[in-house]
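Reader: I would like to learn how to read a model like this one, feature by feature. Could you walk me through it?

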Amino acid sequence: MNPLRRELEIVAEWVEPGSRVLDLGCGDGTLLQYLIERKGVTAYGLEHDPRKVTGCMARGVNVVRADLDDGLSDFHRDSFDHVIMSQTIQAVRYPDKLLEDMLRVAHHGIVTFPNIGYWRLRVQLLLQGRMPRSPALPNAWYNSPNIHLCTVRDFERLCASMGVQIRERRLLDRAHRSTPVIDLAPNLLGEIAIYRFVRGSESL
Amino acid sequence: MVKSPPAESVGLVTQHKAAFEEPLPLVCGRELPRYELVYETYGELNRERTNAVLVCHALSGNHHAAGYHSEHDRKPGWWETCIGPGKPLDTNRFFIVCSNNLGGCHGSTGPASLNPETGKPYGDQFPVVTVRDWVRSQARLADRLGIRQWAAVAGGSLGGMQALQWAIDYPDRLRHAVAIAAAPRLSAQNIGFNEVARQAIMSDPEFHGGRYYDYGVSPRRGLAVARMLGHITYLSDDAMRAKFGRDLRGDISFDFEEVDFEVESYLRYQGQRFVQDFDANTYLLMTKALDYFDPAAEHDDDFSAALASVACSTLLLSFSSDWRFPPARSREILRALLENNKPVSHMEIEATQGHDAFLMPIQRYLEAFSAYMGNVAREVGA
């Protein structure tokens, strides 16, 4: 199975049909095209890499070339129903500010990231004493775009401190399965973390 | 042109002319009793008539957008980089139409045309035409060609603004608008440059209030100065530094008439070449049309409200070193379309060439434009 597939399916489960969706770091538009085809959403993506922007255009996915470190100032409050950030939060300069901005432009947020607390990565660091690498984190420390890696616990603490209310959490193992076992020790057993959350002090 | 045109060119092309006898009411309150539009087409219109793309030219452009008029032509049409087999506006898939705007000087009715009321050239009597007037005249051309809906209307600079005007005025007659290096309206600086250009023309002793045709002369010096000024605004500071620096032609002359610096030589050459086939009154009209372009004006300066009627998808492209219509201006268009939940894409492209980049073979630019148009072609079954 395409490793991204399961993640796409989970995100798609959470997005209501016909809703307005913004995807931050949308890559070549794979996720948005998936949501457009299956959920009939109105979608826009933001992407900085010109080759990937071109990829979106070839698919007919609305895309704006933008640097997420500049924030989301092109968008008004509540412009969208869902704002998604897939495998990108660890690569932005100000994850906390962006999280806040996400919940300004949309009520619902979805974030996925590689969990650096995953046991295989911990073992690598412990036994080899080197920066861990994995299929989800393929780059070396010096050429990695990932400047703000976090664990499941880190992310949840940040949300709590910001008053962001997590509605649902899914964790995938290396085979991209979501088994009940993972929930026994999510920060240890989950390689990919997927969250759905809403603005604090507002009910769903 | 060399003996045989390059394979990626549309090759030899001929121009066509359409005459319209029905009067055209203009935004200024006057009307043109009759008019002609000169245009070229490249590629084939498909049976369903869904693959037509209208290309709009910029300030000094015309209907000759691609290919060559004869084997003696040294240069192809102005958008040869983007129009042809396998290019972004792929003539194997699309039927491309490009017309010379009203007020032009390359065959469409303009100030040098004969005024039917006087039998003499219009000169200063030619009405001030606007982008909206151009779009209306082109809609009649589309009717004439049997094109109910364009797959896309595309252009750079002023041509991009014309594409936006199409999207506003005839929402059901285009599926896509492509506005490259454009702006929602001109800034004070933009208008200032245009005014200096106009003053250069009008203060030439051979201008004769715009009636210079009657005297058998033309304000060539003024027009050349206008073009020199314009040319500076089309290039970036970096591009000029890279191309000329402070290079000298020879020794410093201590003489105003002599050309000392390479950049002076280049600008004088550009000015002289331009006046050979461009009419000064047309330059006045085109710059005015640019100055007056302001869809937000009728909506209390709310550009977003001006775009509420838009029904097409929009592609915006802008270039990092363009200081005439910089990427921030394209982002204004982007924001207004987003506020209306309209489908839109925007890509800022790194380029050193300044405003002129939209005419240049810049790989990322051509790739993005091709990708977008490839999807348009699939959508219309081209």
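Reader: Let me start with a single side chain: is B:D214 buried, partly exposed or exposed?

Author: The terms go by relative accessible area with a 1.4 Å probe on protein chains only: buried is under 20%, exposed is over 50%, and partly exposed is in between. At 39% relative accessibility, B:D214 counts as partly exposed. Before we go on, this is a predicted model, in which local features need pLDDT of at least 70 and side-chain atom pairs count only at pLDDT 80 or more, while totals for chains, interfaces and linings use all residues. Residues are numbered from 1 along each chain as its sequence is written, chains are lettered from A and ligands numbered from 1 in the order in which they are written, and side-chain values use heavy atoms, with hydrogens and water left out.

Reader: Which side chain meets B:D214 in a salt bridge?

Author: The general idea is that side chains of opposite charge can pair when their charged atoms come close. The rule here asks for a side-chain nitrogen of Lys or Arg within 4 Å of a carboxyl oxygen of Asp or Glu. In this case the partner is B:K120, at 3.9 Å from N to O. B:K120 sits in the loop between strand 8 (95-99) and helix 1 (131-145) of chain B, and B:D214 in the loop between helix 3 and helix 4 (220-234), so the pair ties together parts that are 94 residues apart in sequence. Helices (H or I, at least four residues) and strands (E, at least two) are DSSP runs, numbered from the N terminus. B:K120 is partly exposed too, at 45% relative accessibility.

Reader: How many salt bridges are there over all chains?

Author: The search of the whole structure finds 36. One of them joins A:R20 and A:D81, with the closest N and O atoms 3.4 Å apart. A:R20 belongs to strand 1 of chain A and A:D81 to strand 4, so this pair ties together parts 61 residues apart in sequence. Salt bridges can also form a network, as they do for A:E13, A:E168, A:R170 and A:R196.

Reader: How many salt bridges are counted between chain B and chain A?

Author: The count is 2. In A:D74 with B:R335, the closest N and O atoms are 2.8 Å apart. Helix 10 (363-379) is among the elements that give two or more residues to the chain B side, and helix 10 gives the most, with 7 residues.

Reader: How much area do chain B and chain A bury between them?

Author: The size of an interface is often given as the accessible area lost when the parts come together. Buried area is that loss (1.4 Å probe), summed over both parts. Here the two chains bury about 1700 Å², 54% of it on carbon and sulfur atoms. In chain B, the residues that lose the most area to chain A are B:L338, B:N341 and B:M347, together 25% of what that side buries. With contact meaning heavy atoms within 4.5 Å, 24 residues of chain B touch 20 residues of chain A.

Reader: How many residues does the largest nonpolar core have?

Author: In soluble globular proteins, nonpolar side chains tend to be buried together. A nonpolar core is a set of buried Ala, Val, Leu, Ile, Met, Phe, Trp, Tyr and Cys residues joined through side-chain atoms within 4.5 Å. The largest has 107 residues, and those with the most contacts inside it are A:L24, A:F155, B:W150 and B:Y283. Beyond four places in sequence, B:Y283 touches residues including B:L59, B:L223, B:Y234 and B:F274. A second, separate core of 63 residues includes A:I84, B:C82, B:I362 and B:A368.

Reader: Where is A:T112 found?

Author: A:T112 lies in strand 5 (residues 106-114) of chain A, and A:T112 is buried, at 0% relative accessible area. The side chain of A:T112 makes a polar contact of 2.8 Å with the side chain of A:E7.

Reader: Which residue has a positive phi of about 60 degrees although it is not a glycine?

Author: That residue is A:D78, in the loop between strand 3 (63-65) and strand 4 (80-86) of chain A.

Note on methods: A polar contact is a pair of N or O atoms within 3.5 Å; within protein, one must be able to donate a hydrogen and the other to accept it, and residues adjacent in sequence count only if both atoms are side-chain atoms.
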